[in-house]
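Please open the structure in a viewer and keep the sequence at hand.

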Amino acid sequence: MGGEEAIGAAAADARIRAVVAEGVTGRTAADKSRWLPHGLDGQLQRGIDRLTYTLTDLLTPAALPTTLHDAAAARSPFLLITAGTRPDEANAAADLHAAAPSRVRTWNVPAAGHTHTLAADPAGWEAQVAGFLDNALGTPD
């Protein structure tokens, strides 16, 4: 959940100037509903998500979080790293890229599992993340 929370925090706090998030899929039922398949599997997952988030809302006074789609459209540049073995991550990243194509960049690591892109491609990870941060934040003098 760290990547999802970082994206949400960036939308709420101007001090966050860039976000690198790995394995992001959804923060709210609305997030996943945007890219889930429309067949039986997707409908079942939408129902489970509605139940989960409705019950959570009833059990806590906390406000509902901003959707990732809205947060990605808000302000900061994002690098979304997706695992090639997890199609949901690529689907979610494509949806967030559509929210702000000029600020949301995606990188897929074909052989990686969820949150294991650094282990799967250390040199690629370093190049992608360092390059993104250099571009987003500027290189030090």
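**First selection: D49**

Select D49, which lies in helix α3 (residues 40-59); helices here are DSSP runs of H or I with at least four residues, strands are runs of E with at least two, and both are numbered from the N terminus. The model is predicted: local features need pLDDT of at least 70 and side-chain atom pairs pLDDT 80 or more, whereas totals for chains, interfaces and linings use all residues. Residues are numbered from 1 along each chain as its sequence is written, and side-chain values use heavy atoms, with hydrogens and water left out.

D49 is buried, at a relative accessible area of 5% (buried: under 20%; exposed: over 50%; partly exposed in between; 1.4 Å probe, protein chains only). Beyond its neighbours within four places in sequence, D49 is in contact with A29, K32 and L36 (contact: heavy atoms within 4.5 Å).

**Next selection: the sheet**

Display the open sheet of three strands, ordered β1-β2-β3 with parallel pairing (two strands pair if DSSP finds at least two bridges between them).

Four bridges join β1 to β2; here, V20 stands opposite L79 in β2. Between β2 (residues 78-83) and β3 (residues 104-109) there are six bridges, and A83 stands opposite V109 in β3.
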